[in-house]
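Could you walk me through this model in my viewer, one selection after another? I would like to know what to pick next and what is there.

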Amino acid sequence: MKYDALVVGSGIGGMESALKLGDMGYKVLVVEKESSVGGKMILLSKVFPTLDCASCISTPKMAATIHHPNIDVLTYAEVEGIRSDGNGGYHATIRQKPRFVDEAACTGCRQCEMACSVAVPDEFNAGMVSRRAAYIAFPQVVPKKAVIERAGVSPCIFNCPAGIKPHGYVALVRSGEYDKAFDLVLETTPLVGSLGRACYAPCEDECTRGELEGPLPIRRLKRFIADARYGRDDAPPVEKPEPNGKKVAVVGSGPAGLTAAWQLARKGYSVKIFEAAPKPGGMLRLAIPAYRLPNDVVDNDVANVTAIGVEIATDTRVDDIAALKNGGFDAVLVATGTHKAVQLRVPGEDLDGVHSALDFLRAVKLGETVDLAGKRVLVVGGGNVAIDAARTARRLGAASVDQASLECCEEMPAHDFEVEEARAEGITLHDGWGIDHFTGEDRVHGAELRVCTCVFNPEGRFHPEYDESQRMSLECEVVVVAAGMSADTDAFGLETNGNRTLRADPDTLQTAAPHIFVAGDVVTGPTMITTAVGQGRRAAFMIDRYLHGAELDRAAFDEALPVVDKGDVLGRQDVYDRREPLESAAAMSAAPTDFGETEGPMSEVEALDGAARCLDCGVCSECHACLDACPADAIKFDMQGEEIEAEVGSVILATGFKLFPADAKPQYGYGRFKNVITGMQMDRLLAPTRPYNAVLRPGDGKVPDNIAYIMCTGSRDETVENPLCSRICCMYSVKQNQLIMGALPLADVTVYYIDIRAVGKGYDEFYEQARGMGANFVKGRVSGVTETDNGNLVLRYEDIENGGSLTEAEHDLVVLAVGVQPNADAQLLFADGELALDDYYYVGEADEDLNPGQTNLPGVFVAGSASGVKDIPDSILHAGAAVAQAAAHLEKAKVKVPA
Amino acid sequence: MSGRRIGVYVCQCGGNIGDYVDVDKVVATIEHEPDVVVARSAMFTCSDATQQEIVQDAEEQKLDGLVVASCSPKLHTYTFRDVAKRAGINPFQYTQVNVREQCSWTHTDDHEGATEKATRLVRAGINRTRLTEPLEPIVVETTPKSLVVGGGIAGLRAALGLAEIGLSVFLVEKEPRLGGWVASFGAMYPHGRNGAELVAKLEEAVRANPAITVFTNAEVMSKSGSFGNYQVTIAVHGERLETITVDVGSIVVATGFETYEPAAGEFGYGIDGVVTLPQFKKMVDGSAGPLTYNGRPVKTIAYVYCVGSRQSKDVEGGHTYCSRYCCTAAVHAALEVAAKADLSVRQYHLYRDMRTYGKYELLWNESREKGSLYLRVPDDEPPAVEKIASGGLKVTTRDLLTGGEEVAIPADLVVLVTGMVPRENDELVSVLKLPIGIDGFFNEIHPKLRPVETIVDGVYICGACQSPKNSAESVTSGLAAVTQSGAILKRGFAELDPMVAMVDTDACTWCDKCLEACPYAAIEQVDEDGKAVASVIRTACKGCGGCVPVCPTDAVDLQGYTDAQVKAMIDGLLEVTCS
């Protein structure tokens, strides 16, 4: 892209610069980092001394800038670097930030904003109210296009192997949108209820709230939405998509198979699942005990899959995978899991009464009679399955349950909470013990154990070592061995790895036979449910691409933004309310007798309390409510940022200023006392688009009747390293005085000042007018502010005009006339140190006396407050000066290079 | 029914209108008016979104007329003409109805009445729009030349700037020399650069630039023509008077200021040793070492601030404005004094508010470090300056910074920190029709956003003739005037409003009443088929309508505001709303 001039910033100085250059016939590129042109002026109430409505006189300039035939405007874009082209001009690199909204399609209807589940402080209302993560910054934005603010991926989402959006459904629960929350999980997997109970919730491990009182109960919230949906008689039916005529076979109906089938069916594939067991659900239905995952929950989840049209053939074992092609299936997914028990390989393992945990749990889950009444049970193993087996045995009336684990307690693969719960249910844990052999004739009646000194060798391989001198005998009638599980793939005729898992590309999940894909534990070995779900989704994605003839692009699956930094999230606000930690919901019994769920359901109040703790780490929750709401189909979550290179003949820096952060003067109490506000906040309170539609004090909504202004907050003040006068604060305060006296005729206004600097045309008259209207001007600097019980504020000051004594005065609202700080961003646009700044970090003017607006770099000019604070007329004049010289620079270049 | 298709948009303007006028009710009432096919309310009609909505409505509903009821036409006429253009509606078939300044804001106590009035105003606007004809702007080629009036630092820099962007320049200076006030200054704040040297540098560049013609001892005698093409006659006084007429597209006025001359006795003015700021500045600039006065070293200086500025409204002919530059100028002069002598010179500053704004605060801080002492004088108790028996001066005041203590300062020199006052320029004002503000300085069209433009198209004001400014600020505004000139002249053509008078030559009897009424010399007598009739110079006519009512034969009408339209508007205002 080639332009005569690049204007950085579109405040009043930037707009004036662009418009005048455009009028002269030069091609101008304006780059604005916010989503709208207009800068700070558009946010003001009225302007001094004319009391023109700021938006009324800004909007014509904003619209003119956008519509000017010679001006191109990039909003929500940032200039990343500017470097000389060695020929009088410059190269600029500009990054167009993704709005996640298709600008051409967006009509500015704000439906996305209304649907959005996340509220964050509204910086365009000086933080006094909130806005949505999907938002249109303010009513007069130009262009009127929505933006979705995404700081990155929330850690909970980033950490979910299934690709579920916990932040999204938590935010929807918070909004009371339980159905939408359920549907959001359905976008990933049909197993909402199962995951809500049996998932190990890696999301919670990374929840930023964990840095405060503890993570959100994310898993239980999922259970809450599943309970809410499955408990309804009028649940909405699953929508069936148009069939696309293609058929896919899925072998195995565990989490991976069900998820893949669901995803494929949603895309219109005709899917048939082959399941060897009598019931679909894999480990969910055959292994996880009912006190953790009741059968009806799994049935409900499976019903989602059948409702969309997936056919499930149970009791149907498939051995010859290749043969399925003859059945008319265009692709096959093998997701058969790991249902083969690993053996201990110790003497006596073949005795009667020694069972594998998988067989044992499966029998119980399928309702077969397993009577352990009065029997002593020994469970061997330290993993989740062993715990499940032990606790199941307890429920079946075993006289005692002992559990022997090679690993010592801290190293056991089972989760800590599971070990704790097992102990609470009366299971005796022998950690660090290995089975030497089982004793007994035909039936087992005990086991000989020895101390295990080390489970893994230095390479991390399973290679237990024992101290043979330390031994122990245990008597028992039943042994349940949970020594691991492996894939049962021998019959498939597919390539396998050493551990019998199926061999496939780990990213595309495609096997050597292109139409055969694999997913879940049968590829990865035993993992978590969520991992298997993620595998199922990935396989479905790849199968879909394969059947559409698309390249199996590993990068395209679940491409996400970087995860947000938790420190940044916590740093967004100074104070977080720390709440009471949530109670664990599991009601433990020392001697459980039935398979009722140990964990109770969440009440709506608990769910809302839990969800309300969310810190909205990524800002956008990815709840996708905007996607559904947008009538123009303009939301594009996969939108990418874009680098734009521009060649420009000259540069005008109109990067403006920053307001002094009022909390840097702690003695004035901003941030601590709610009724201490800044001048910008008061301007918003008075603006036509005011947040409360009235002038109220934020602490309690009272209409203030005695308002104080503290001038020179952050200006003329060496203690905050700013000896400069900020110029605009006197006048904006005097303006606000007049507006307040109009809006609140009964209110008293007192201004504590050092000097009133009313130095522009008509300004002093404007100041006198405010005095005439009754504003009380008190010469004296305020030394400190304290708060009374009712939220009023006591100011301590030197009453200079009346003898100079230290005096106190009470007010019900204090406005800090905050000053201005340089925006050092301008410097970052150039190579280190290239652009000269003045002593106070404003853009330096090399020759202010004769060439105001000229920087040390030829062809680079500065307009407006970037070179030192200016009021609006002075910004306009300064922009005019910059433009005149930029035009001169361009004309000179024209003469140099003959056309 | 006229078959017109009119869209009406009534603005809430946030709460500016909507808080007082029931906008929805207005819309509900007028949407049934004949020819109205779209009627809507909008939160901000000027916002980009509503503009787009208008464009969309126009396309879908095939609108051929537009009524926007919002604020003053001064604000948004061009905004909505542009919208109309984008919407495919002739921009002159749009009517702006003012329901804010002339309705909601004036009737904040009567919501019902305001709503009723707004309805009538909108109806009048619809009636006018119904009778509009499509008009095209008058396109004139512009002259790529500028005239700069005044050769002070602002005028010099403007002349150079105009030449640098490719325009030819005529620079007219009344005095025999270029340079204005700044040519007489030594070191100036804030960078300590020498005024005379700065001006010399500029003058050299101006004189060397072939695109600039300089006339000294010269004055502007007359101006004719119209926007983009003015003919200006310049009188050059020399051995014999010469008049030269130049064609220019724009005129930049940079005629500067006068310094306030205190009345005799005002703060002791007239007493030996009481001097004004410019006099003092000259003394300081002219002394190489420690300051002397009447041959005696100056050991104590008292500065009295705000002399001739910030005067009470009750002072006859007083200057109520702040002169902006003088606080910093006095502080800077005190620093110069300190720099030229040792720090033993005692300097007392009797001020009201110290207005060293922005970065100039640093100078004030420095002056205090260099020994200047500042006393805050009560606004209503000006200091008294008198001569004492010993021959010196005494300044008496109360210092609010020390508890209101009475202070008597014996001084060798009293500096009256005098401000800027507008320069008498009656002839130029009458030739260029320059508007003058209540403070006596030239008036810009809008003090906030259009600070160098005047209501006379193509005539710009810069430097201290617009309001008090220091040297660098004057240069800045001079360059801003360059930019404004460039914005209209670099294109090569300008578009003028076609809403001008037209003459029905059949009815005209050439009585010359219209000629007399025209303030813009836009009427001329022409011969049409042997008959003397009036003719309108369309590029000169401003569409003020002054000629219309004086015509005894109703031969003159104003395009865009024809008699028929005005009558229809009156009917609209009088029509009773039945609701």
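Select chain B to begin: it has 14 helices and 32 strands, where helices (H or I, at least four residues) and strands (E, at least two) are DSSP runs numbered from the N terminus. The model is predicted, and local features need pLDDT of at least 70, side-chain atom pairs count only at pLDDT 80 or more, and totals for chains, interfaces and linings use all residues. Residues are numbered from 1 along each chain as its sequence is written, while chains are lettered from A and ligands numbered from 1 in the order in which they are written.

Along the principal axes, the C-alpha atoms of chain B fill a box of roughly 90 × 60 × 40 Å. Of its 579 residues, 52% are buried. A residue is buried if 20 or more other C-beta atoms lie within 10 Å of its own, exposed if 12 or fewer, and partly exposed in between, with C-beta atoms placed from the backbone.

Now colour chain B by domain, using bounds that come from an automatic or database domain assignment. Domain 1 is 6-135 + 564-574, domain 2 is 145-256 + 423-494, domain 3 is 259-420 and domain 4 is 501-559. Over C-alpha atoms, the centres of domain 1 and domain 2 of chain B are separated by 41 Å. Two residues are in contact if their C-beta atoms, placed from the backbone, lie within 7 Å. Among contacts in chain B between residues at least 6 apart in sequence, 70% join residues at least 24 apart.

Next, pick α7(B), residues 195-208. At 1.5 Å a residue, its 14 residues should span 20 Å, and the end C-alpha atoms are 20 Å apart, which agrees; the expected span is 1.5 Å times one less than the number of residues. Show the side chains of B:Gly195, B:Leu198, B:Val199, B:Leu202, B:Glu203 and B:Val206, which are buried. Seen down the axis of α7(B), the buried residues fall within an arc of 130 degrees, so they line one face of the helix; the arc is that of the directions from the helix axis to the C-beta atoms. On the other side of α7(B), B:Glu204, B:Arg207 and B:Ala208 are exposed.

Bring chain A into view. Its secondary structure comes to 25 helices and 38 strands, and its C-alpha atoms fill a box of roughly 110 × 75 × 60 Å along the principal axes. Buried residues make up 55% of the 899 residues in chain A.

Which elements of chain B touch chain A? In total, 64 residues of chain B are in contact with 63 residues of chain A. Elements giving two or more residues to this side of chain B are α2 (48-61), α3 (73-86), α6 (153-164), α7 (195-208), α10 (361-369) and α12 (471-489). The largest share, 12 residues, comes from α12(B). Sorted by type, the side of chain B that touches chain A has 27 nonpolar, 23 polar and 14 charged residues. Here Ala, Val, Leu, Ile, Met, Phe, Trp, Tyr, Cys and Pro count as nonpolar, Asp, Glu, Lys and Arg as charged, and the others, Gly among them, as polar.

For the interior, a nonpolar core is a set of buried Ala, Val, Leu, Ile, Met, Phe, Trp, Tyr and Cys residues joined through C-beta atoms within 7 Å. Highlight A:Leu333, B:Val253, B:Val304 and B:Ala330, which touch the most other members of the largest core, a set of 454 residues. Helix α25 (residues 872-896) of chain A gives the most to this core, with 12 residues. A second, separate core of 16 residues includes B:Cys518, B:Ile523, B:Ala534 and B:Ala555.

Back in chain A, select α21 (residues 679-686), where seven of the eight residues are buried. Its cover includes β28 (657-659), β29 (676-678), α22 (728-743) and β36 (813-818) of chain A.

Finish at A:Asp488, in the loop between β25 (485-486) and β26 (516-518) of chain A. Leaving out residues up to four places away in sequence, A:Asp488 touches A:Thr336, A:His339 and A:Lys340.
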